[in-house]
Every structure is written in structure tokens, then in C-alpha cells.
Amino acid sequence: MSGKTLYPFSAIIGQEELKLSLILIAINPGVGGVLIRGEKGTAKSTAVRALVALLPVIETLAGCLFSLAPEEAGERCKDCRLCDRKGGVVSRQVRVITLPLNATEDRVIGGVDFEKTTQHGKRTVQPGLLAQAHRGILYVDEVNLLDDHLVDVILAAAAAGKNRIEREGVSFSHPSRFILVGTMNPEEGDLRPQFLDRFGICVEVKAETDREMRVATMEQRELFDTEPSLFIERYAEVTAMLAQKIVGARNRLPRVFISGRQRALISELCTGAMVAGHRADLIIEQAARALAAFSERLEVEDADILRVAPLVLRHRRREQAPPPPPPKEKEHDHRHDEDPPEEEQEEEEQQNQENPEEQQPPPDSSLDQEDGEDDADGNGGNPDESREPTEPVSPNALEAVFEVGSTFKIKPFSAPKDRVFRRGSGRRSRSRVSGLQGRYVKSTMARGTKDVALDATLRAAAPHQRSRQGQGSCAIAIRPEDIREKVRERRIGNFLLFVVDASGSMGARGRMTATKGAIMSLLLDAYQKRDKVAMISFNKTEARLNLPPTSSIDMAARLLAEMPVGGRTPLNHALVKADEVLRGQLVRDPTSRPIVVIITDGRSNVALGVAKPMDECLELARRLAREERIRFILVDTEEQSLIRFGLAVKIAEALNARYFQTADLKADTLIDIMKAEV
Amino acid sequence: MSCQTIYPFVAIVGQEQMKLSLYLNLINPTLSGVLIRGEKGTAKSTAVRALADILPKIEVVKDCPFQLAPGDGLNLCRDCFHVNCRERRITGQQVEAVCRHIKVVELPVGATEDRVVGTMDLEHAIRKGEKRIEPGLLASAHRGILYVDEVNLLDDHVVDVLLDAAAMGVSTIEREGISFSHPSRFVLVGTMNPEEGELRPQLLDRFGLSVRVEGIADRDSRVTVMERRVAFDESPETFASLWKDPSRELVDRIEAARRLYPEVTISREELYTIADFCLNVGVDGHRGDIIMMKAAKTLAAFDDRRQVRRSDVEEAAELALPHRMRRQPLMEIGDNVKKIKEMQR
């Protein structure tokens, strides 16, 4: 199968940057890996898999499961009993090891070989993928979907250049220096910054926009699909020549010279891009040397440096202080292309009002009035004594629909960890899970998943071995009562309830546009973390459940875009409604941990009973906060000005909620690096 | 599924686009599947189940858990647990091959990951000291059809597994002491009701074609639907025998198209049309172009022609592009169809 049905590397049309990067890592492992970001169907995976044919030959010890080089043998081999060390040295191609997303930790790191262990009664190590990938390429498709615990393992191995197995009663370490190659589609979420930094080079691939190239791509693909072997044969020669060239470049590499002036150029480029740390400098140098070697030169030219620098700096670049807007995801933004930055939002609002969508024309005047009213409120009133506007705001006040503002990356938030087992997937909160995915944290005697924990089972069986001697054909006799199962932990999605204020005060000065942008960002985040969502909006006299709990985040987004704004603020009713929804959810799934995101400016002004609206609101909030399974997040949309009511803060306190202002929601990558999420 | 009479495919009233898309996939499996989107009760699942009636045949090694063809390589056989067959294949003896219909393998929405990719019975393994691998659904679906009802409700990690297999035609397992990979090239057929949520763009792209089905608006046809259903429920066998001849005709037509497909040619001009189409509507990547060309060629073959016409290309666009036009995770598919229609004018 291998090799036979792979699309040849040299037959890939266009995507020069992608091909160059892969060639560079084949020449110089010091480049340290490639991350390929791009849309679907752009030959990302095809190129990586095709790389196999181009890889050079290395020498290894025959039969060695850790693919050690002959010079690495020595001490290490003495402790290892996995091969007989009679094979001598063999040459073979550098390997590409695929790490599937659903791999378990023991297969990645290595663990106990149960077959040999039970048969011979000796503890035998079974090397994992990190061992196989030593001196080769470790390839992860859809790397951004990789479970966190596997990312940790890979990071640790990549940083140390070796892998330590400390599990299931095995303690073992072996060198593991590999080139990490990952492909990803940014729509599905981003990588952690530490992980991102491990990739030396980052390539953005896009579909070719040239007509000729597209036609050629189609023709090639069809030829390949109908007559694969013929097609491969046709490219065999070109591929062999390229492979030759790579071998030549690899031999030339140690002699390639880079001058001091050029090193200065590199560091200038790096400082200009404000990169953190020195890895970028080193990688540019390595990549430039590889490129020079590939061009059959022994001296690096400035052009080489300039060619590779963008590849290395792309994912490391940071803006000048103040802290940067997070890496833009073009796809997400293109819908809001026309959205001006915040300063221009007034103008934006006007635009909206000029072409109101399917609503009764919301006259500027009415909004201005309300706006003015709020201001009057603010000027006159004591902010502490939230006096509700006594001026009649008619319940039928005109409504307006605002555009969705620009979106941004959301700071991580999650529910706290506990000991309850759940089923599900996603990537928000850590939880014990009953499925087979996730990290093995401990073992249990309770049966049910068939997910046998070998180490614990062997330990349980060990004391009885003498009495059971001679039973069965295996070296170790294991009885059903010895079996222990694994307890696993992973991240799963949560239930997010959005409570959105759609009252008139939110419409003032384009605030709703920005707020909708923030909610949209939260929804995108919910999509990437695979949460379930529901949405309550409130204005005029009551709150409505617009979206019952669903995993269709699309629906939520559509509703959000169409949501009209105007009227009073029945926050109290919204809290009651939220309580209803949450209770229903908790009855259906008692182990779920809902997160409620309340987006409001806190100016509650519609009471349900006779008490003052604000007092009632705080009372309700306190009552809601008693349910421990529910977490609250309050996003305060009140404007940042001198006069503030600060009502939302009070409500947040009553709810025991995490309090954010709209601007605080943005993830600051720098801070993320310094302190991992709570 | 075999013991019970199924509703004959040809007896399904209307839904021409859906039927066509299924024929195309039978003729040319490299189209890699179809996503059927529509409301409840529009014969989505009936159609897929009824496919069993008209499936073409392939040659397979008898009882092979991985559905290998007799000519396939032996890499996989070395680790296979099927002892007799393994010995014979490795020693180069003749193995028994059978000719059978391709399979429709159903992936239930609640399927666990180990059912999908395959598992090893660990308890058996450590007590008896031998590995016993159970291949999963992805192995049985190789060279056949993998059918997912309500594909939008599929568990997320199962989707991740599918993505990998659907893209590269290989399923790799690295779990709990097992490490092997096997070929898994299948036609992915999914049905979904968009009200329940959309698919992830990544998975959406793996479906070659997509069609939208709606209830039939025509009164007469609706009556026919009822009549046929009643007749079928009363006596499935009689009903099925009534449709035997049209069924056979269809099978023959599909077989003929399968044979003709390699001879179908497409002019450079039509290829440019396809490229322009995709550039104009903004398709992500190149998969759209490739699928559209294949669909156009398959349409020509189905129509018993050796040359692709403009009308084929236009029809192919309607099938291959609606779900591919550039959209972020939270955009609707329906809008895209309108845009395509406009382009064609």
C-alpha cells in the first residue's frame, strides 16, 4: 500500500511555498518542522504524504525499535532488551509517522507490551510513535484538533529531544528528535502559542486563483485517479531527480557558510517583527542555509534570507505594544469587511439607520432621544441609587436591527473540574469521561467500559501468582476479578446559555454593533469548543427564549444578526427565564455544568413584583447563584465614560459571576503565554 | 437487511436530483459521496436503503474483513487475524474470491469510536496473551458505501476519525497497544435535517456532492407516493416483483456507464468553464473543481455519451458547489444555491 498509491510530489501544481518548506525540512532537520495552515482541499495532506518519496536515506541499527543511529548505541543498548543487536547497521529512508487524532497516550509515548508481558511474565516495553519518529517526521493531520494531553506530551519530547516513559510501571527514556509537520484549517480553532512556536516554519496555503493552474490541477488529478500506476511512473524520473538534489543539498549543508553581516540582517528582521525569544533567528539561519544548499551554493545570499524569513516570522510576528489584536482570521472577518473600527462606529450606526432592514424605520430622533434620556439619567441621578426611568418609555418603542460588529478571539473560560463522569466531546472544560478518549488518570475496579488498565490489572493479579501457578498457558494468570479499568479525563463541551440585553439603552451609539460582535465571537468560540447553546433575549416588557438548547450554533448566529433592539430592560424576567431553562437542562442532564453568559448594561427597569426593579434583580441574582453547578459570566456593556452606573458590577457580585467588560473578553496572546489558563 | 424486502429504488417518486446524485456515485466512486439535506419524510433514508437493490458488483477475497480485492497487496494480511486466509495469501496460494454487491454500511449516530475504527479485546488479550482485533465499520465500508443518517448529530470525535479516512482513504489506529492501518476508501452518504444544526465545514467538504430534497408539491405525485406506499406495505414481495424490470434496466444502465466512464473526455474549454465557475463563486481549495469535472464526466457517461457538454457542466455545478462556496462556520448553505443559479444565467 505504502508508496504505491501516493500522489507524486513533483506532480503537485503550484503551492510553491508549501513545496519549498517541505524540501527545506527534508534537507535540514534543524529547521524544526512545518505548520501548514489553509483552507480545505489545497493539497496540504497530499504534499506531506508525497514527501515520503523524497526523503533521504539514513543509517540505523537493524531491528532497533527506537531507530537509533549507530553512534547512538552504546550505553543505551545495554538496558534495552528489545532487539538482539545482531543485525548490524542498515540504511533506510527517513520515515513519516502519522499521529492520528484519536491516538491514545500509551501509543504515543510507549507503554507495556501486554502480549509479551503476559506470555513471558517479563515487563517488556512497547515503543510508541515518538520512538518510531526519532530522526524522522511526525505528521499530525488537523493538528489543531489534537487533544491537549497529547500536545503536552509532544511538546515535552520536542523540547528535550528525548522521550521519557514513566507509566504503567515502566521507566525508560530514549532519544526522540523528530521534525514536526502539522496541517490545520484555522476555521476549526487555533493552536496553543507554545505549540505554535515549536513549528519552525508556517505556510499559508490558498487555492490557486490562476485559471490555467486550476485546469491543470483537475487534469492531473483525473489522470491519477484513473491510472495511478501509469501516472506515478511518468513522474518517477522527476521525483528521483528531486530526491537526488535533496541528498546533494544535505551533503553540502555542513559546508554552507553564512556571514556575520547576514546574521545581523537576520536579527534585524526578527527584532523588526517583535518576535519573542531567539528561536526565530536560529531557524531563519538554518532555513537560509538549507535553501542555499538546495540552490547548489556554498554561501548564503541575502535573497535566501529574505525568501525564508516570512515563512519563519509569519506565526511569530507580534505588533508593537500595546498588546496586539489577536491573529486575524480572514474567513471570519470577511463578512464584516465593511465594519469600521470603533472610532467610526457612529458613522456605522448612521449607515445602519439609513438602510434599516425589514423593520419599521427607526428614526434617528427616537434613538437620540433615548440616548439623551440615558445621559440625562446619568447626569442627574446618583449612580448608586439606580432610579428607574420614570419617563414613559412606551413598551412598543421602535426597534432597530444593528449589524454584527467585528469578531475577535475569546479568552478561555471553562467550568471547574470535578469527579463526575460524563459522556461527550468538545474542548471546553476538563472532566472525567466515560468514553475511550482522553488521558488515563487512574484505575478503578468498577467495570463497564472494557477499557482495561493493564498496569493496575497486573498489580492486582501479582499477589496471587504463586497460588495460581500452572493454570492456563500464559506466564501470568489473570482472573476476571483482577481486571481494572481506566479512568480518563479530557475536555468536553459545555452548555452555554446566552442572556442578551436588547433594550433601547443598548442601541445607543452603536454599542449594540460592538456587543453583537462580542456575542458572535463567543458563538464562534462555542463552535470551536463544540458547546451546546441556548439564547434568551430581553427587551420591552419580557424575556423570550429565542433559541432552545441546541448544538446548532448557526441558528444562534442567525438569530443574533436579526435581533432587534429597543424598549425597556426586563432583566429580572430574563433571570427568571434563565432559571427555567437551566432547571430543565439540569433535570435532563444532571451532570452538565452550564455556563450562563449574561450580556447587559445592568439597568434593570421592569419589575415583576412590587419591589424596585434593581432590588428585585439583585435578590433574583442571589437566588440563582445558589445552584452550584451553574457558572455565571457577566459581560458589562456599559460605556467607558466618566459617569457610570456600575450596576452590572453589583449584579455580578450577587450572581457570584466572573465580570468582564466587552473589551476584556479579547484574548491577549501574550498574557496567555505567561500564565496558562485558570 | 437482506431477509426483508426493501422498497425498490426505482419506485421512489420524484426526488430526481437525489436519485441522480446516488447514481453518479455508483458509477464513479471517486466522487466521494453525497450529502442529502432535507426535511423529515422526504424519502432520504428510504432511498439510501433501497440502493441495495441496484448496487454494482465487485470482486473480493472471500470473508476478508478488509474487503480486499484478490490483486491487492499483502501488507495488511501479515497482521490479519484471519488465520487460514493469511497463510494462503502469504504463501502465494490461490484464495477464493467472490463476486458480490458492494455493501452499504450504516454508521449509527450513537456509534462509539471503537466500533468505527476497530478495537482489540484487551481483556481477552491479557488473559490469553493473544491479540484479537475486531475491524470496525471503516474496514467493512472499504470499497463500499458508508451511510450516516443524521450526519450532523454525529459525535465530534467520530467526525474527526471520518475526516481522516475520507480524505486519504486510509484509516490509522494507534490505540492501547494496537497499531495498524488499513485502506478505507468509501462513498460517504449522509442525510441530515438542517434544522438540527449544520455540519462542520471540514466534514462538509468531504462530501463530493450535495442535494437538497423537499416534499413534492405536485398533487398527483403525492397521490402516487401514497398509493405505492400502501401497495408496498400490503405485500412487499408482489410490489417488488412489479418493479423488477425497471430495476434491472437501471442496473444495466449504471453498469454500462461504469464501463464507459474511462472513455469520456472533456474539452479544455469546458475545463476553463469549470475553473471560472469555481473562481467566481469562491470555492475553498481545489476539491470543488475536481469533483465538478468528475461529476460532469459521470453525467455524460450516464447519458451514454463520450463527450462532456455544457449542460453536464451546469448540472454538475448544481450538485458539486452549493456546500463548498466560501463560508465561515456560521453561514447558511441555502443562499449559495441561489447564487449558482444566477451565475448560470
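**Close-up 1. Helix 11 of chain A crosses helix 13 of chain A in the right-handed sense.** This view, like the others here, comes from a predicted model. Helix 11 covers residues 260-272 of chain A and helix 13 covers residues 302-313 of chain A; the two pack at about 30°, and their axes are 11 Å apart. That angle makes helix 11 of chain A roughly parallel to helix 13 of chain A. From helix 11 of chain A, look for Gln262(A), Leu265(A), Ile266(A) and Leu269(A); what they meet in helix 13 of chain A is Asp302(A), Ile305(A), Ala309(A) and Leu313(A). Sorted by class, this contact of helix 11 with helix 13 of chain A holds six nonpolar residues, one polar residue and one charged residue.

**Close-up 2. Helix 21 of chain A passes helix 22 of chain A with a left-handed crossing.** Here residues 571-588 (helix 21) and residues 613-624 (helix 22) of chain A pack at an angle of about 20°, with 9 Å between their axes. So helix 21 of chain A is roughly parallel to helix 22 of chain A. On the helix 21 side of chain A, the contact uses Leu571(A), Asn572(A), Leu575(A), Val576(A) and Asp579(A). Helix 22 of chain A answers with Pro613(A), Glu616(A), Cys617(A), Leu620(A), Ala621(A) and Leu624(A). The class count for this contact of helix 21 with helix 22 of chain A comes to eight nonpolar, one polar and two charged residues.

**Close-up 3. Domain 1 of chain A touches domain 2 of chain A.** The domain assignment puts domain 1 of chain A at 9-206 and domain 2 of chain A at 255-313; it also gives domain 3 (368-385 + 399-415 + 494-674) and domain 4 (421-489) of chain A. Taken over C-alpha atoms, the centres of domain 1 and domain 2 of chain A are separated by 25 Å. Where they touch, domain 1 of chain A supplies 13 residues and domain 2 of chain A supplies eleven residues. On the domain 1 side of chain A, the elements giving two or more residues are helix 1 (16-27) and strand 11 (201-205) of chain A. Helix 1 of chain A gives the most to that side, with four residues. By class, the side of domain 1 of chain A that touches domain 2 of chain A splits into seven nonpolar, five polar and one charged.

**Close-up 4. Six strands of chain A make an open sheet with mixed pairing.** Reading across, the strand order in chain A is 19-18-17-21-22-23. The edges are strand 19 (542-550) and strand 23 (658-661) of chain A, each pairing on one side only. Ignoring direction, neighbouring strands of this sheet are turned by 15° against each other on average. Zoom in on strand 21 (residues 595-600) and strand 22 (residues 631-636) of chain A, and you find a parallel pair with six bridges. Over at the strand 19 end, helix 20 (residues 553-562) of chain A lies across strand 18 (532-539) and strand 19 of chain A. Helix 20 of chain A runs at about 155° to strand 19 of chain A.

**Close-up 5. Chain B has an open sheet of five strands, with parallel pairing.** The order is 4-7-10-1-11 in chain B. Strand 4 (104-106) and strand 11 (209-213) of chain B stand at the edges with a single partner strand each, so one side of each has no neighbour in the sheet. From one strand to the next, the twist averages 20°. Within the sheet, strand 1 (residues 34-38) and strand 10 (residues 187-192) of chain B run parallel and are joined by four bridges.

**Close-up 6. Helix 1 of chain B and helix 13 of chain B are roughly perpendicular to each other.** The axes of helix 1 (residues 16-27) and helix 13 (residues 287-302) of chain B cross at roughly 95° and come within 10 Å. Helix 1 of chain B brings Tyr23(B), Leu24(B) and Ile27(B) to the contact. Helix 13 of chain B brings Ala295(B), Thr298(B), Leu299(B), Ala301(B) and Phe302(B). By class, the contact of helix 1 with helix 13 of chain B has seven nonpolar residues, one polar residue and no charged ones.

Methods: Residues are numbered from 1 along each chain as its sequence is written. Chains are lettered from A and ligands numbered from 1 in the order in which they are written. This is a predicted model: local features need pLDDT of at least 70, side-chain atom pairs count only at pLDDT 80 or more; totals for chains, interfaces and linings use all residues. Axes are lines fitted to C-alpha atoms, for helices over the stretch in contact, and angles run from 0 to 180 degrees between N-to-C directions. Angles under 35 degrees count as roughly parallel, over 145 as roughly antiparallel, 65 to 115 as roughly perpendicular and the rest as oblique. A crossing is left-handed if the near helix is turned anticlockwise from the far one by less than a right angle, and right-handed if clockwise. Two residues are in contact if their C-beta atoms, placed from the backbone, lie within 7 Å. Ala, Val, Leu, Ile, Met, Phe, Trp, Tyr, Cys and Pro count as nonpolar, Asp, Glu, Lys and Arg as charged, and the others, Gly among them, as polar. Domain bounds come from an automatic or database domain assignment. Two strands pair if DSSP finds at least two bridges between them.
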